[in-house]
Amino acid sequence: MSDVEGDVEVRAITDAELPAWLRAVQAGFLQARAGMSDEAVANIRARGAIGGMRGAFDRGRCVGTYRSFPQELTAVGGAAVSANAVSAVTVSPTHRRRGILTRMMTADLAAAKERGDVVATLIAAEYAIYGRFGFGPATSVTEWTVDVTRSGLDPRWSGPEEAGARIDLVDGDDVRKFGPELHERFRAVRHGAITRDEHWWLRSTGQQVTPEFPWDEPFYALYRDPSGRVDGLLVYETTHDEWGDSLLPRNTATVRSMTAVTPAAERALWHYVCSVDKVVTVKSGWLAPDDLLPHLLPDPRAARVTGHADWLWVRILDVVRALEARTYGGAGTLVLEVADPAGLAGGRYRLEAAPDGGAVCSPTGAEPDLALDIAELGRLWLGDESVARLVALGRVAEERAGAVAVADALFATARRPWCQDLF
Ligand SMILES: CC(=O)SCCNC(=O)CCNC(=O)[C@H](O)C(C)(C)COP(=O)(O)OP(=O)(O)OC[C@H]1O[C@@H](n2cnc3c(N)ncnc32)[C@H](O)[C@@H]1OP(=O)(O)O
């Protein structure tokens, strides 16, 4: 469907328009202006992603880009919900602030709702852009920098503590063989995790290298438990030629990705990367803010927080299915008055959580306990925010005394959500 306003038409792109669309994406992100190589365009075409690409066209010139694609997002408790993942959002600086993003977003969210997606997701370039469209920041990430020399780790560490467990440095073939199943196990237990498709594994193991997407082969450390089961994968790169004043090696290992499905694998992989000879600094990559890393070191102060950011934003499209998909901290009832100016998911809902953590949600005419915007519900849904804090910020209204305590007891989670991936 096409939407024409003034000189600008917003619609799905055609296959022939893909190179121009990609060029516009690159320009929007201040990357190369020359456009992409034929090979890169072919790789993107092979992903079959064109169906989800929208463009804004002014006299045939692509001045706006927007892509959405199917994703699954793990809710609290481990169930996967269907998400409409949004990325590649750009509007040419020549056409900014004329409502082009608003038109592309409005059409896409309506289509996602129509398809039956439970939520929409994105990672925001700027904090200020997406709240108005009903998205709330639902996960955050923290980066630590570990000073290995003061961590207190035993310098004689020689491998996992569990007899028979092992860590091997493997190659990309092994990662493509073992990584997908490991990730499936990981996302079944960590709320906030998202799907990685086949192209994700190809791209992230150097199988789609083009001039625009150069590649440095990292190290892949694979953890196997004593039975031989793959329970963890740590991907990291290192510098190799950094020297201190006294010709002491001072290299840095930077973690690209860490996936562990057991505490033993997590402990062993962090100890491993903090024990690589010639490495004195480990940068952790983007972890959940409650990651165990500092506390796996005898001296947790050796791990300094060197970065923190909001990460996955969630826009709830179907309140009933979103609230029923997750589990809760115990039994309780809440009536939520949810405002959604876009008209997609607003209404008054009664949430009834059972002692086993399951819940039933349905529209209701009962008096509300809490009133909030759909973006605030997105912010609360994965358990990374507290209702009490949002009330203090004036973002949630307590309509019945005591409701905040009930809501926090229901929505709080033992671990914070973690989305490892950028899209
Ligand atoms: C998921 C992702 O892909 S994140 C990547 C986002 N893209 C970028 O950062 C690339 C560079 N920026 C851009 O391309 C554009 O500025 C965009 C896409 C962010 C915005 O596109 P526009 O067409 O200018 O947005 P549009 O005119 O629809 O603006 C809608 C509202 O959002 C506001 N807005 C848009 N961008 C921003 C911003 N960066 N900061 C603050 N407010 C913003 C507008 O002021 C407008 O507010 P109003 O309704 O109160 O007037």
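The largest nonpolar core has 119 residues, and Val119, Leu269 and Ile316 touch the most other members. Such a core is a set of buried Ala, Val, Leu, Ile, Met, Phe, Trp, Tyr and Cys residues joined through C-beta atoms within 7 Å. This is a predicted model, in which local features need pLDDT of at least 70, side-chain atom pairs count only at pLDDT 80 or more, and totals for chains, interfaces and linings use all residues. Residues are numbered from 1 along each chain as its sequence is written.

**Core**
- S5 gives this core its largest share, 7 residues; helices (H or I, at least four residues) and strands (E, at least two) are DSSP runs, numbered from the N terminus.
- Leaving aside residues up to four places away in sequence, Val119 touches Leu73, Val81, Ala83, Val314, Arg315, Ile316, Leu317 and Ala322 (contact: C-beta atoms, placed from the backbone, within 7 Å).

**Around the ligand**
- The ligand is surrounded by 23 residues, with Val89, Leu101, Thr102, Ala125 and Ala128 the closest (the C-beta atom, placed from the backbone, lies within 6 Å of the molecule).
- Strand S5 (80-91), helix H3 (100-115) and strand S6 (119-123) each supply at least two shell residues, and S5 gives the most, with 6 residues.

**Ala124**
- You will find Ala124 in the loop between S6 and strand S7 (136-137).
- Ala124 is partly exposed because 18 other C-beta atoms lie within 10 Å (buried means 20 or more, exposed 12 or fewer, partly exposed in between, with C-beta atoms placed from the backbone).
- Its contacts, not counting residues up to four places away in sequence, are Ile129, Tyr130 and Trp313.
- Ala124 and Val89 are 35 residues apart along the chain, and their C-alpha atoms are separated by 9.5 Å.

**The open sheet**
- Seen in order, the 7 strands of an open sheet with mixed pairing run S9-S10-S11-S12-S13-S8-S14 (two strands pair if DSSP finds at least two bridges between them).
- Strand S9 (166-170) and strand S14 (303-310) stand at the edges with a single partner strand each, so one side of each has no neighbour in the sheet.
- Strand S8 (residues 140-147) pairs with S14 in the antiparallel sense over 7 bridges, and Val146 has Ala303 as its bridge partner in S14.
- Helix H6 (residues 263-273) lies across S9, S10, S11, S12 and strand S13 (279-283), at about 20° to S11 (axes are lines fitted to C-alpha atoms, for helices over the stretch in contact, and angles run from 0 to 180 degrees between N-to-C directions).

Key. Contact = placed C-beta atoms within 7 Å.
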